[in-house]
Amino acid sequence: MRYSVKLCIGLLCVPGVLAAQDIAIRNATLITIANGDVVGNIVVRGGKIAAVGPNATIPGGIRVIDGTGKFVMPGIIDAHSHAALEGGINEGSESVTPEVQVQVRNDDPTIYRALAGGTTSALLLHGSANTIGGQSRVIKMRWGAPVDSMYFEGAFRIVKFALGENVTRASSTAPEDQRRFPMSRMGVEFTVNYWFQKAKEYDAEWKAYRASARGNTNAIMPRRDLRLEALVDILNGDLKIHAHSYRGDEILMLIRVAEENGFQVHTFQHVLEGYKVADEIARHGAMASTFADNWAYKAEAWDAIPYNMALMSERGVVVSVNSDSNERIRRLYQEAGIGVRYGNMDVNEALKMVTLNPARQLGVDKMVGTLETGKDADIAVYSAHPFAPDAMVEYTLVDGKVLFDRSEASTLRKQVNAQTQGGSR
Amino acid sequence: MARSFFIAIAAVPLAFASASAQVANPGAPAAAPRVDYALTNVRIVTAPGKVIERGTVVTRDGRIAAVGANVRIPAGVVTLDLNGHSVYAGLIDAATSVGLPTVMRPLATAASGGTGGGGGPGGGGGGPQAGRGVALGRASAAAAPVVYPELEANAEAADLFAPTDAQLKAFRSAGITSVGLVFDGGLFPGRIGAALTGAHDGSGLSLRTSVGQQVAFGRNRGGYPGTGIGAVSFVMQSYLDAQYEARVEQAFKAGTPGARPSNDPFRRSLIAAATSAMPSWFIASSEREIVRVSEIASELSLKNPVVVGAVEGWRAIPHLKKMGATALVSLRYPTPETVTGRTFLAIGSGKSGVAPPATAADTAEVRGNAAALVKAGIPVAFASFGSEGTYRERIRQAIGAGLSADDALRAATVTPAALLDITAAVGTIETGKLANLVVVSGNDLFAATPIKHVFVEGRLY
């Protein structure tokens, strides 16, 4: 692994813990997500799951963690986070900025805390101030790695859209001559239509150039416009939309505008009234990433209910539950459990909402999201079933590396204290 | 066009003695009669690794007239017997903002505060952001012309260099006889220059303009980009626009139907940098910033950019190599909180928000940065960024962390001279070059001993 040589962040070097190694967990309850729960072993070789199940043979000479009485689950995937970013969350000076790309900050302590909660991947989204916001980044929580090694290779390119109050109020307190269009829901709809029209004209200009450039030395390559290029990528399906939304009417609006303009809304984010329009979401082919029980923090979040996850799932929508919070990112397994309490979801279906389903929404379900042979060894070991109120994460592995080990956390804290209290500098 | 422009600049003879109106100090007394010197019985380090154990350096009219073990001392010069001392080429501080106007200075012409979106330098909506959002926004009210000093891509740092006597003295006291001029802040704040640190005496200080195009990733007040993430996109789009403009200009010259250059001065001013005819100087210190610059340089096919700051260069060596970059290593160390990984330590200790002592970030990694970069084959130039008082001390620490004395001298003389395109004038002790010299007792320029003499353009300070 190319980042293994640079695993020390600052003084955070824990020799042995961060090194790539083959490892096995024996005699644990394996929550495979794909094939039910079984008691057995899981073997990790070269960062991948080499064997999993009751008959998985542990080769000699590798590290073995005794999983007796413990539960092993795929690493949690958070489909909505703004942690570990720098340089701003919202490029809010204008309302259409899909050329902007969020910047990952690899030493944000939230990464380590997320690992302590079994979370191994996340979608780091641009904020919701813009109708068409910036490009977002799917990362793995490779704590200690250089920034470009955090990117989740093979994940979707994802752009943030936003509807409703966050957009319309973005500049509402600015002096009148500095306010930004759009300031109404009508304006948001028009903005999307307007910019996709421009994108089509831009695409046509380039296609005409490419057609005429053959044998025509007079053809001048057109100006590249990064903003319109990104919109053309959306039209071509190369850049997936995750759309911040709350109300049923705005969700229907974006679906209609998307279908009229010929693009796909890949995932609705928040989508608190998704239960009202679940059939329409499913028919469009969109997925949904929502809160478990977080509502009424503003007018458009008034009609949210904790049954939203279960109701959307029942209507065929692929649902994930996300954090949008540096606190909830540490306990998303509990958030998933709320779907069982409210809506009586099947336990495995509920756990899918933090594993396989967000993996699908981020385009990484071939690599993570279940315990299956050949997938990346992104794994967390819990002291009890993740839905048990006293369950704690004991180990978290990313690409087979133990990046969180609760037994070493207190030692690490002592080291940190010693180093920051002077002397060694 | 861009290439010929560059060559024309480079071909201008370095007319150091001629006055430069922008930097001349009208209140200064007339230039004192020039005194020529002979430095005798002195150990001469003519260049890194090249030593004359006992010899003579003769200056005449501000230049080095002779250097060697057996040099005839001409009549009429002042002889300084420097037995037990060494003379080195004057140090070069590759980047400082001292003496330059603050980029975010108050805007006299924008007193109305009306800085709505759009509108590049020169007013009239010339920048690449012009038109964005305008079609959908309300029209801006008529207002006084808006100036965005953070977007003055064709401002010349050397023209704006107006240091005080005290500032110049501070450089000379550190053995620094010439400086690279880099703006502090801004987005496209202007172009890099080079200047001398002699006193104002009517001779002018400017050595070189248009050395490089500075890219500082700041924000644009009142418009796009309003964030660091937006600034990266803005920089990319601005370079792409300049590359397009270069294509159109070329087609126009060839008589291609329909090709007509724009009237956008901002776009035009970036053509040289966007086509790599002029190097781009990117402000980037942390590992993440360097990686970002590497991505930009790759996307825009920029050749041999300069990474200005490079404090965490040792973490990003593969990126610096891939870019073919020169690392302009800041000797103004970061505060601990800004060093990658240390935030976690600060929080983990329960001491978040407590300001550590200023010296706390003098870590082995930061001190060893230059050594690691040199070892990796990356050209390194040292820069003080306003910390000229500790310039030699920090270089001494870099040597203590594994940098060879020769490499240290190279990073403080030859490499910055090449970077600033002033090698013909400074950087080594050679006949014909400017008499920029530093004399120290003993052998070691970077020892913790005071500097005995400093000469700038032959004048003894």
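Reader: Which residue in β3(B) does Thr56(B) stand opposite?
Author: Thr56(B) stands opposite Gly68(B). This is a predicted model, where local features need pLDDT of at least 70 and side-chain atom pairs pLDDT 80 or more, while totals for chains, interfaces and linings use all residues. Residues are numbered from 1 along each chain as its sequence is written, with chains lettered from A and ligands numbered from 1 in the order in which they are written.

Reader: What makes β2 (residues 50-60) and β3 (residues 63-68) of chain B joined strands?
Author: Strands are DSSP runs of E, at least two residues, and helices runs of H or I, at least four, numbered from the N terminus. Two strands pair if DSSP finds at least two bridges between them; β2(B) and β3(B) have five and run antiparallel, so they pair. They form a hairpin with two residues between them, and Asp61(B) in the turn has a positive phi of about 50°.

Reader: Why is α3(A) called roughly perpendicular to α4(A)?
Author: Helices α3 (residues 185-213) and α4 (residues 226-235) of chain A pack at about 95°, with axes 9 Å apart. Axes are lines fitted to C-alpha atoms over the stretch in contact, and angles run from 0 to 180 degrees between N-to-C directions. Under 35 degrees is roughly parallel, over 145 roughly antiparallel, 65 to 115 roughly perpendicular and the rest oblique, so α3(A) is roughly perpendicular to α4(A).
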